[in-house]
Amino acid sequence: MKKTISFLLIAALGGAFALTGSYYLTPSKSEQSLSYNPYSTPVQLAGYSGLNSNAPDFVVSAEKSVNSVVHIKTIIENQNNLSYDPFADWFFGGKQRQPNMMQGSGSGVIISDDGYIVTNNHVVNGATKIEVILNDKRSYTADVIGTDPATDLALLKVKEKNLPFVAYGNSDDVKVGEWVLAVGNPFNLNSTVTAGIISAKGRNINILDHQTDAGGLAPIESFLQTDAAVNPGNSGGALVNTGGDLVGINTAIASNNGSYQGYSFAIPVNIVKKVVSDLIEFGTVQRAYIGLSIQDIDSKFAEQKRIKQLKGVYINGLTENGAGETAGIKVGDIVTKIENVTIKSTSELLEQIGKFRPSDKINVTVVRDEKEMILPVTLKNKENSLGIIKKPEVFKTSINSLGAVFEELSAEESGKYKIQGGVKISKLDQGKLAGAGIKEGFIITSVDKKKVTTIKDIQTLLEHKSGGVLIEGLYPNGMRAYYGFGL
(Lines give C-alpha, C1' and ligand atoms only; values in the text may rest on other atoms or scores of the structure.)
Protein backbone atom coordinates (compact mmCIF):
# COMPACT_ATOMS: atom_id res chain seq x y z
CA MET A 1 0.00 0.00 0.00
CA LYS A 2 2.80 2.34 0.91
CA LYS A 3 4.52 1.57 -2.39
CA THR A 4 1.38 2.40 -4.30
CA ILE A 5 1.00 5.74 -2.51
CA SER A 6 4.68 6.52 -3.19
CA PHE A 7 4.24 5.85 -6.94
CA LEU A 8 1.14 8.08 -7.02
CA LEU A 9 2.96 10.97 -5.31
CA ILE A 10 5.95 10.66 -7.67
CA ALA A 11 3.61 10.62 -10.71
CA ALA A 12 1.74 13.65 -9.40
CA LEU A 13 4.93 15.60 -8.81
CA GLY A 14 6.19 14.66 -12.32
CA GLY A 15 2.95 15.85 -13.87
CA ALA A 16 3.11 19.10 -11.95
CA PHE A 17 6.66 19.72 -13.10
CA ALA A 18 5.67 18.92 -16.73
CA LEU A 19 2.68 21.28 -16.65
CA THR A 20 4.74 24.05 -15.09
CA GLY A 21 7.53 23.66 -17.69
CA SER A 22 5.01 23.54 -20.51
CA TYR A 23 3.37 26.77 -19.30
CA TYR A 24 6.61 28.74 -19.11
CA LEU A 25 8.45 27.23 -22.07
CA THR A 26 5.70 26.89 -24.70
CA PRO A 27 4.70 30.13 -26.64
CA SER A 28 1.17 31.37 -26.26
CA LYS A 29 -1.41 30.75 -29.00
CA SER A 30 -1.17 34.33 -30.19
CA GLU A 31 2.60 34.12 -30.33
CA GLN A 32 2.42 30.89 -32.35
CA SER A 33 0.12 32.52 -34.92
CA LEU A 34 2.68 35.33 -35.51
CA SER A 35 5.79 33.18 -35.59
CA TYR A 36 4.62 30.33 -37.80
CA ASN A 37 2.65 30.11 -41.01
CA PRO A 38 3.07 27.06 -43.26
CA TYR A 39 2.06 29.17 -46.32
CA SER A 40 4.26 32.25 -45.63
CA THR A 41 6.49 33.84 -48.32
CA PRO A 42 9.71 35.85 -47.80
CA VAL A 43 8.14 39.34 -47.76
CA GLN A 44 8.55 42.40 -45.59
CA LEU A 45 6.63 45.53 -44.82
CA ALA A 46 7.07 48.35 -47.33
CA GLY A 47 8.69 50.65 -44.84
CA TYR A 48 11.43 53.04 -46.03
CA SER A 49 14.80 52.65 -44.36
CA GLY A 50 17.08 54.55 -46.75
CA LEU A 51 18.26 54.17 -50.34
CA ASN A 52 19.16 50.75 -51.64
CA SER A 53 22.87 50.76 -52.30
CA ASN A 54 22.22 49.20 -55.72
CA ALA A 55 19.63 51.78 -56.82
CA PRO A 56 20.76 54.54 -59.24
CA ASP A 57 21.36 57.91 -57.60
CA PHE A 58 20.14 60.82 -59.76
CA VAL A 59 20.67 63.59 -57.22
CA VAL A 60 24.19 64.57 -58.30
CA SER A 61 23.29 64.40 -61.99
CA ALA A 62 20.20 66.55 -61.49
CA GLU A 63 22.08 69.14 -59.44
CA LYS A 64 24.84 69.39 -62.09
CA SER A 65 22.45 69.83 -65.01
CA VAL A 66 19.30 71.61 -63.84
CA ASN A 67 20.93 75.05 -63.62
CA SER A 68 22.44 74.63 -67.09
CA VAL A 69 19.08 74.09 -68.80
CA VAL A 70 17.19 77.24 -69.76
CA HIS A 71 13.63 78.11 -70.68
CA ILE A 72 13.33 79.62 -74.18
CA LYS A 73 10.41 81.86 -75.14
CA THR A 74 9.99 83.00 -78.74
CA ILE A 75 7.88 85.51 -80.63
CA ILE A 76 7.11 84.95 -84.30
CA GLU A 77 5.72 87.88 -86.26
CA ASN A 78 3.44 86.95 -89.15
CA GLN A 79 2.13 89.47 -91.62
CA ASN A 80 -1.41 89.10 -92.92
CA ASN A 81 -1.45 89.81 -96.65
CA LEU A 82 -5.23 90.10 -96.90
CA SER A 83 -6.57 93.51 -97.87
CA TYR A 84 -3.06 94.91 -98.28
CA ASP A 85 -2.30 96.93 -101.41
CA PRO A 86 1.45 97.62 -101.74
CA PHE A 87 0.86 100.12 -104.53
CA ALA A 88 -1.56 102.14 -102.40
CA ASP A 89 0.98 102.08 -99.61
CA TRP A 90 3.78 103.12 -101.94
CA PHE A 91 1.97 105.94 -103.73
CA PHE A 92 -0.60 107.10 -101.19
CA GLY A 93 0.85 106.17 -97.81
CA GLY A 94 -1.69 103.43 -97.17
CA LYS A 95 -2.34 102.11 -93.68
CA GLN A 96 0.27 99.65 -92.50
CA ARG A 97 -0.77 96.12 -91.55
CA GLN A 98 -0.58 95.06 -87.95
CA PRO A 99 1.49 91.91 -87.52
CA ASN A 100 0.08 88.79 -85.91
CA MET A 101 2.21 87.75 -82.96
CA MET A 102 2.69 84.06 -82.20
CA GLN A 103 4.40 82.82 -79.06
CA GLY A 104 6.32 79.60 -78.58
CA SER A 105 8.50 77.99 -75.96
CA GLY A 106 11.07 75.28 -75.50
CA SER A 107 14.29 74.49 -73.71
CA GLY A 108 18.00 75.01 -74.27
CA VAL A 109 21.30 73.87 -72.80
CA ILE A 110 24.15 76.19 -71.77
CA ILE A 111 27.37 74.64 -73.12
CA SER A 112 29.90 77.34 -72.15
CA ASP A 113 30.30 79.86 -69.37
CA ASP A 114 30.33 82.75 -71.87
CA GLY A 115 26.75 82.26 -73.02
CA TYR A 116 26.56 79.74 -75.87
CA ILE A 117 23.28 77.79 -75.77
CA VAL A 118 22.20 74.77 -77.85
CA THR A 119 18.56 74.13 -78.70
CA ASN A 120 16.46 72.68 -81.52
CA ASN A 121 16.11 74.55 -84.78
CA HIS A 122 12.34 74.03 -84.66
CA VAL A 123 12.21 75.86 -81.30
CA VAL A 124 13.59 79.13 -82.73
CA ASN A 125 12.84 78.81 -86.45
CA GLY A 126 11.33 82.05 -87.76
CA ALA A 127 11.46 83.79 -84.37
CA THR A 128 11.81 87.57 -84.39
CA LYS A 129 12.60 87.67 -80.67
CA ILE A 130 14.15 85.02 -78.43
CA GLU A 131 14.11 85.29 -74.64
CA VAL A 132 16.24 82.99 -72.50
CA ILE A 133 15.30 82.51 -68.85
CA LEU A 134 17.77 80.85 -66.48
CA ASN A 135 16.84 78.59 -63.60
CA ASP A 136 17.62 81.44 -61.19
CA LYS A 137 15.06 83.60 -63.11
CA ARG A 138 17.60 85.86 -64.83
CA SER A 139 16.38 86.77 -68.32
CA TYR A 140 18.31 87.62 -71.52
CA THR A 141 17.62 88.35 -75.17
CA ALA A 142 19.46 85.80 -77.33
CA ASP A 143 20.99 86.10 -80.78
CA VAL A 144 20.99 83.22 -83.28
CA ILE A 145 24.58 82.33 -84.15
CA GLY A 146 23.55 79.68 -86.66
CA THR A 147 21.16 76.85 -87.41
CA ASP A 148 21.35 73.41 -89.02
CA PRO A 149 17.93 72.17 -90.16
CA ALA A 150 19.49 68.90 -91.35
CA THR A 151 20.09 67.92 -87.70
CA ASP A 152 17.42 70.20 -86.16
CA LEU A 153 20.00 72.09 -84.11
CA ALA A 154 20.45 75.81 -83.42
CA LEU A 155 23.13 77.74 -81.56
CA LEU A 156 22.21 80.84 -79.55
CA LYS A 157 24.32 83.38 -77.65
CA VAL A 158 23.54 85.62 -74.70
CA LYS A 159 25.78 88.39 -73.41
CA GLU A 160 26.80 87.09 -70.00
CA LYS A 161 29.80 85.52 -68.29
CA ASN A 162 30.34 82.85 -65.63
CA LEU A 163 27.18 80.94 -66.49
CA PRO A 164 26.65 77.37 -65.25
CA PHE A 165 27.16 74.95 -68.15
CA VAL A 166 26.92 71.22 -68.70
CA ALA A 167 29.95 69.19 -69.82
CA TYR A 168 29.88 67.12 -73.01
CA GLY A 169 29.70 63.35 -72.71
CA ASN A 170 30.33 60.78 -75.45
CA SER A 171 27.23 59.42 -77.16
CA ASP A 172 29.22 56.61 -78.81
CA ASP A 173 29.82 55.19 -75.33
CA VAL A 174 26.14 55.27 -74.33
CA LYS A 175 24.73 51.77 -73.83
CA VAL A 176 21.20 50.47 -74.23
CA GLY A 177 19.79 50.04 -70.71
CA GLU A 178 21.86 52.90 -69.28
CA TRP A 179 20.05 55.32 -66.95
CA VAL A 180 19.57 58.88 -68.17
CA LEU A 181 17.78 62.07 -67.10
CA ALA A 182 15.73 64.39 -69.31
CA VAL A 183 15.91 68.01 -68.11
CA GLY A 184 13.68 70.71 -69.56
CA ASN A 185 10.59 72.88 -69.30
CA PRO A 186 7.54 70.82 -70.37
CA PHE A 187 4.25 72.74 -70.44
CA ASN A 188 6.18 75.80 -69.14
CA LEU A 189 6.99 73.92 -65.91
CA ASN A 190 10.52 75.17 -65.32
CA SER A 191 13.42 72.91 -64.40
CA THR A 192 11.66 69.54 -64.63
CA VAL A 193 13.73 66.36 -64.32
CA THR A 194 12.52 62.90 -65.41
CA ALA A 195 14.40 59.59 -65.44
CA GLY A 196 14.49 56.63 -67.77
CA ILE A 197 16.84 54.36 -69.67
CA ILE A 198 18.31 54.35 -73.16
CA SER A 199 15.96 51.96 -74.94
CA ALA A 200 17.57 52.05 -78.41
CA LYS A 201 20.26 53.80 -80.47
CA GLY A 202 20.47 54.86 -84.10
CA ARG A 203 16.71 55.43 -84.47
CA ASN A 204 15.48 56.96 -87.75
CA ILE A 205 11.90 58.22 -87.27
CA ASN A 206 11.63 60.27 -90.50
CA ILE A 207 10.63 63.42 -88.65
CA LEU A 208 13.09 65.90 -90.15
CA ASP A 209 12.09 65.22 -93.77
CA HIS A 210 8.78 67.01 -93.47
CA GLN A 211 9.24 69.31 -90.46
CA THR A 212 12.41 71.15 -91.43
CA ASP A 213 13.91 72.61 -94.54
CA ALA A 214 17.32 71.01 -94.70
CA GLY A 215 18.48 73.40 -97.39
CA GLY A 216 18.86 70.61 -99.91
CA LEU A 217 20.85 68.42 -97.50
CA ALA A 218 19.64 64.99 -96.45
CA PRO A 219 18.66 65.08 -92.76
CA ILE A 220 20.75 63.11 -90.29
CA GLU A 221 18.51 61.02 -88.06
CA SER A 222 20.22 58.65 -85.66
CA PHE A 223 18.41 59.40 -82.43
CA LEU A 224 18.96 58.04 -78.95
CA GLN A 225 15.62 56.57 -77.86
CA THR A 226 14.66 56.80 -74.19
CA ASP A 227 11.64 56.17 -72.01
CA ALA A 228 12.34 59.23 -69.85
CA ALA A 229 9.18 61.34 -69.96
CA VAL A 230 9.46 64.17 -72.51
CA ASN A 231 6.57 66.50 -73.36
CA PRO A 232 5.97 69.69 -75.39
CA GLY A 233 8.39 72.30 -74.08
CA ASN A 234 11.17 69.75 -73.52
CA SER A 235 12.48 70.27 -77.06
CA GLY A 236 16.05 71.52 -76.93
CA GLY A 237 16.56 70.33 -73.36
CA ALA A 238 19.30 68.09 -71.99
CA LEU A 239 19.59 64.33 -71.87
CA VAL A 240 22.32 63.59 -69.31
CA ASN A 241 23.86 60.45 -67.86
CA THR A 242 24.13 59.64 -64.16
CA GLY A 243 27.40 61.58 -64.03
CA GLY A 244 25.63 64.74 -65.20
CA ASP A 245 27.33 64.80 -68.63
CA LEU A 246 25.36 65.78 -71.72
CA VAL A 247 24.69 62.80 -74.01
CA GLY A 248 21.88 64.23 -76.16
CA ILE A 249 19.49 67.07 -76.98
CA ASN A 250 15.84 66.09 -76.52
CA THR A 251 14.01 66.64 -79.80
CA ALA A 252 10.91 64.53 -80.44
CA ILE A 253 8.36 62.15 -78.96
CA ALA A 254 6.47 59.18 -80.38
CA SER A 255 2.88 60.20 -79.76
CA ASN A 256 -0.61 60.04 -81.21
CA ASN A 257 -1.89 62.95 -79.12
CA GLY A 258 1.09 65.30 -78.89
CA SER A 259 2.02 64.30 -75.33
CA TYR A 260 4.36 61.67 -73.93
CA GLN A 261 3.25 58.08 -74.57
CA GLY A 262 6.32 56.07 -73.69
CA TYR A 263 9.20 56.97 -76.02
CA SER A 264 11.21 60.07 -76.80
CA PHE A 265 14.20 60.82 -78.99
CA ALA A 266 17.38 62.86 -78.56
CA ILE A 267 20.13 64.01 -80.94
CA PRO A 268 23.43 62.32 -79.94
CA VAL A 269 25.86 64.76 -78.34
CA ASN A 270 28.70 63.83 -80.70
CA ILE A 271 26.67 65.32 -83.56
CA VAL A 272 25.88 68.34 -81.37
CA LYS A 273 29.58 68.96 -80.70
CA LYS A 274 30.41 68.88 -84.41
CA VAL A 275 27.56 71.23 -85.41
CA VAL A 276 28.33 73.71 -82.61
CA SER A 277 32.03 73.75 -83.45
CA ASP A 278 31.28 74.44 -87.12
CA LEU A 279 28.79 77.21 -86.40
CA ILE A 280 31.22 78.98 -84.06
CA GLU A 281 34.25 78.60 -86.33
CA PHE A 282 32.72 78.95 -89.81
CA GLY A 283 29.21 80.31 -89.30
CA THR A 284 27.76 77.33 -91.18
CA VAL A 285 27.89 73.55 -90.85
CA GLN A 286 30.68 71.83 -92.78
CA ARG A 287 28.86 68.70 -93.89
CA ALA A 288 31.06 65.85 -95.10
CA TYR A 289 29.98 63.42 -97.80
CA ILE A 290 31.23 59.93 -98.54
CA GLY A 291 29.39 59.68 -101.88
CA LEU A 292 27.58 56.38 -101.33
CA SER A 293 24.05 55.18 -101.96
CA ILE A 294 23.38 52.81 -99.06
CA GLN A 295 20.74 50.33 -97.96
CA ASP A 296 20.02 48.40 -94.77
CA ILE A 297 20.45 44.64 -94.90
CA ASP A 298 17.71 42.27 -93.74
CA SER A 299 17.35 38.51 -94.19
CA LYS A 300 15.25 38.82 -97.36
CA PHE A 301 17.70 41.24 -98.99
CA ALA A 302 20.66 39.10 -97.92
CA GLU A 303 19.08 36.03 -99.52
CA GLN A 304 18.38 37.97 -102.70
CA LYS A 305 21.97 39.23 -102.93
CA ARG A 306 23.46 35.99 -101.58
CA ILE A 307 25.00 37.79 -98.64
CA LYS A 308 26.06 35.57 -95.74
CA GLN A 309 26.02 38.27 -93.06
CA LEU A 310 23.40 40.73 -91.84
CA LYS A 311 25.83 43.21 -90.31
CA GLY A 312 26.64 46.56 -91.89
CA VAL A 313 25.05 48.46 -94.79
CA TYR A 314 25.03 47.56 -98.46
CA ILE A 315 26.48 49.85 -101.15
CA ASN A 316 24.11 49.97 -104.12
CA GLY A 317 25.45 53.11 -105.79
CA LEU A 318 28.37 55.53 -105.93
CA THR A 319 28.63 59.26 -106.67
CA GLU A 320 30.83 59.80 -109.70
CA ASN A 321 34.25 61.00 -108.52
CA GLY A 322 32.87 61.01 -104.99
CA ALA A 323 34.90 60.24 -101.89
CA GLY A 324 33.89 56.58 -101.82
CA GLU A 325 34.56 55.87 -105.49
CA THR A 326 37.93 57.66 -105.35
CA ALA A 327 38.92 55.52 -102.36
CA GLY A 328 38.10 52.28 -104.19
CA ILE A 329 34.76 51.39 -102.63
CA LYS A 330 32.61 49.38 -105.06
CA VAL A 331 28.93 48.62 -105.54
CA GLY A 332 28.17 45.46 -103.58
CA ASP A 333 30.60 46.25 -100.76
CA ILE A 334 29.26 46.14 -97.21
CA VAL A 335 30.40 48.89 -94.82
CA THR A 336 30.84 47.45 -91.32
CA LYS A 337 32.88 50.16 -89.58
CA ILE A 338 33.62 53.88 -89.77
CA GLU A 339 36.90 54.38 -87.96
CA ASN A 340 36.48 52.03 -84.97
CA VAL A 341 32.70 52.37 -84.64
CA THR A 342 30.61 49.39 -85.76
CA ILE A 343 27.93 50.24 -88.33
CA LYS A 344 24.63 48.35 -88.15
CA SER A 345 22.28 50.64 -90.10
CA THR A 346 22.19 53.48 -92.62
CA SER A 347 21.26 55.94 -89.86
CA GLU A 348 24.36 54.97 -87.88
CA LEU A 349 26.57 55.46 -90.95
CA LEU A 350 25.11 58.93 -91.54
CA GLU A 351 25.65 59.74 -87.86
CA GLN A 352 29.31 58.78 -87.97
CA ILE A 353 30.03 60.60 -91.24
CA GLY A 354 28.20 63.61 -89.80
CA LYS A 355 30.92 63.93 -87.16
CA PHE A 356 33.55 64.84 -89.75
CA ARG A 357 34.33 67.76 -92.05
CA PRO A 358 35.22 67.88 -95.75
CA SER A 359 38.88 66.93 -96.34
CA ASP A 360 38.96 64.77 -93.18
CA LYS A 361 40.56 61.37 -93.75
CA ILE A 362 38.83 58.36 -92.21
CA ASN A 363 39.21 54.58 -92.31
CA VAL A 364 36.24 52.68 -93.70
CA THR A 365 36.00 48.93 -93.14
CA VAL A 366 34.19 47.05 -95.90
CA VAL A 367 33.49 43.41 -96.66
CA ARG A 368 33.97 42.35 -100.30
CA ASP A 369 33.67 38.75 -101.47
CA GLU A 370 33.56 37.71 -97.80
CA LYS A 371 36.92 39.37 -97.15
CA GLU A 372 37.34 42.34 -94.82
CA MET A 373 39.45 45.30 -95.91
CA ILE A 374 40.16 48.79 -94.58
CA LEU A 375 40.08 51.65 -97.09
CA PRO A 376 41.30 55.20 -96.32
CA VAL A 377 38.70 57.73 -97.52
CA THR A 378 39.08 61.51 -97.87
CA LEU A 379 35.64 63.03 -97.39
CA LYS A 380 34.27 65.76 -99.68
CA ASN A 381 31.75 68.60 -99.37
CA LYS A 382 28.28 68.91 -100.89
CA GLU A 383 29.83 70.27 -104.09
CA ASN A 384 31.84 67.03 -104.38
CA SER A 385 35.11 68.85 -103.81
CA LEU A 386 37.56 69.33 -100.98
CA GLY A 387 37.58 72.43 -98.81
CA ILE A 388 35.37 74.52 -96.59
CA ILE A 389 31.95 75.82 -97.62
CA LYS A 390 31.51 79.56 -97.17
CA LYS A 391 28.86 80.89 -94.84
CA PRO A 392 25.69 82.00 -96.68
CA GLU A 393 24.84 85.62 -96.10
CA VAL A 394 21.75 86.17 -93.98
CA PHE A 395 20.55 89.76 -94.07
CA LYS A 396 18.84 91.37 -91.09
CA THR A 397 17.15 94.74 -91.00
CA SER A 398 17.50 97.03 -88.03
CA ILE A 399 13.99 95.93 -86.97
CA ASN A 400 13.99 92.16 -87.42
CA SER A 401 15.06 89.40 -89.75
CA LEU A 402 13.71 89.23 -93.26
CA GLY A 403 13.98 85.47 -92.85
CA ALA A 404 16.04 84.81 -95.97
CA VAL A 405 19.40 83.58 -97.20
CA PHE A 406 20.64 85.46 -100.28
CA GLU A 407 22.97 84.39 -103.08
CA GLU A 408 24.40 86.58 -105.81
CA LEU A 409 23.80 85.30 -109.33
CA SER A 410 26.70 83.87 -111.26
CA ALA A 411 27.54 85.19 -114.73
CA GLU A 412 26.01 82.06 -116.25
CA GLU A 413 22.74 82.56 -114.36
CA SER A 414 22.60 86.23 -115.33
CA GLY A 415 23.03 85.24 -118.96
CA LYS A 416 20.40 82.54 -118.69
CA TYR A 417 17.80 84.95 -117.30
CA LYS A 418 19.01 87.83 -119.52
CA ILE A 419 19.50 90.23 -116.62
CA GLN A 420 22.46 92.15 -115.23
CA GLY A 421 23.14 91.19 -111.63
CA GLY A 422 20.35 90.23 -109.29
CA VAL A 423 20.16 88.47 -105.92
CA LYS A 424 18.48 85.09 -105.46
CA ILE A 425 16.60 84.01 -102.32
CA SER A 426 18.08 80.54 -101.79
CA LYS A 427 16.38 79.85 -98.46
CA LEU A 428 13.29 81.33 -96.85
CA ASP A 429 12.01 81.11 -93.30
CA GLN A 430 9.13 82.87 -91.59
CA GLY A 431 9.64 86.62 -91.78
CA LYS A 432 8.86 89.73 -93.79
CA LEU A 433 9.55 88.23 -97.21
CA ALA A 434 7.59 85.03 -96.65
CA GLY A 435 4.79 87.10 -95.15
CA ALA A 436 4.62 89.11 -98.37
CA GLY A 437 4.12 85.91 -100.37
CA ILE A 438 7.62 85.62 -101.85
CA LYS A 439 8.78 82.05 -102.58
CA GLU A 440 12.23 80.48 -102.51
CA GLY A 441 14.16 80.91 -105.74
CA PHE A 442 12.83 84.42 -106.40
CA ILE A 443 15.47 86.71 -107.94
CA ILE A 444 15.38 90.31 -106.71
CA THR A 445 16.25 92.80 -109.44
CA SER A 446 15.14 96.05 -107.78
CA VAL A 447 14.09 97.46 -104.40
CA ASP A 448 12.00 100.61 -104.39
CA LYS A 449 12.72 101.01 -108.12
CA LYS A 450 16.49 100.99 -107.47
CA LYS A 451 18.54 98.34 -109.25
CA VAL A 452 19.94 95.45 -107.21
CA THR A 453 23.02 93.56 -108.38
CA THR A 454 24.67 92.48 -105.10
CA ILE A 455 23.69 91.54 -101.56
CA LYS A 456 25.34 94.76 -100.43
CA ASP A 457 22.78 96.69 -102.49
CA ILE A 458 19.92 95.10 -100.53
CA GLN A 459 21.64 95.90 -97.26
CA THR A 460 22.19 99.53 -98.26
CA LEU A 461 18.58 99.98 -99.42
CA LEU A 462 16.84 98.27 -96.50
CA GLU A 463 19.13 98.59 -93.48
CA HIS A 464 17.58 101.81 -92.19
CA LYS A 465 14.34 101.65 -94.15
CA SER A 466 10.94 102.19 -92.53
CA GLY A 467 7.49 102.19 -94.10
CA GLY A 468 6.51 100.51 -97.36
CA VAL A 469 8.93 98.53 -99.48
CA LEU A 470 8.38 97.48 -103.11
CA ILE A 471 10.42 94.54 -104.47
CA GLU A 472 10.58 93.59 -108.14
CA GLY A 473 12.08 90.46 -109.66
CA LEU A 474 11.47 87.17 -111.41
CA TYR A 475 11.28 83.44 -110.78
CA PRO A 476 13.52 80.86 -112.51
CA ASN A 477 10.66 80.02 -114.89
CA GLY A 478 10.76 83.61 -116.18
CA MET A 479 7.61 84.88 -114.48
CA ARG A 480 8.05 88.45 -113.21
CA ALA A 481 6.49 89.47 -109.90
CA TYR A 482 6.10 92.47 -107.59
CA TYR A 483 5.75 92.35 -103.81
CA GLY A 484 5.10 94.96 -101.19
CA PHE A 485 5.46 94.85 -97.42
CA GLY A 486 6.06 97.19 -94.53
CA LEU A 487 9.10 97.70 -92.30
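How many nonpolar, polar and charged residues are in the lining of the largest cavity? The lining has six nonpolar, two polar and three charged residues. Here Ala, Val, Leu, Ile, Met, Phe, Trp, Tyr, Cys and Pro count as nonpolar, Asp, Glu, Lys and Arg as charged, and the others, Gly among them, as polar.

This is a predicted model, where local features need pLDDT of at least 70, side-chain atom pairs need pLDDT 80 or more, and totals for chains, interfaces and linings use all residues. Numbering runs from 1 along each chain as its sequence is written, and side-chain values use heavy atoms, without hydrogens and water.

A cavity is a set of points on a 1 Å grid over the protein atoms alone where a 1.4 Å probe fits but cannot get out; lining residues have an atom within 4 Å of a point. Volume is the space filled by probe spheres set on the points, which are joined across faces, edges and corners. Two cavities reach 30 Å³ or more.

| Cavity | Volume | Lining by class |
|---|---|---|
| Largest | about 70 Å³ | six nonpolar, two polar, three charged residues |

The largest cavity has 11 lining residues; Asp 148, Thr 151, Ile 220, Val 275 and Gly 354 lie nearest its centre. Helix 7 (residues 269-282) gives the largest share of that lining, three residues. Helices are DSSP runs (H or I, at least four residues), numbered from the N terminus. Residues lining the second largest cavity include Thr 151, Ile 220, Pro 268 and Ile 271.

Asn 270 is in helix 7. Asn 270 counts as buried because its relative accessibility is 9%, with buried meaning under 20% relative accessible area (1.4 Å probe, protein chains only).

Technical notes: 1 Å grid on protein atoms, 1.4 Å probe; cavity = no way out; pocket = protein on both sides within 12 Å on 5 of 7 lines; lining within 4 Å. Helix = DSSP H or I, 4+ residues; strand = E, 2+ residues; numbered from the N terminus. Buried < 20%, exposed > 50% of the residue type's maximum accessible area, 1.4 Å probe, protein only.
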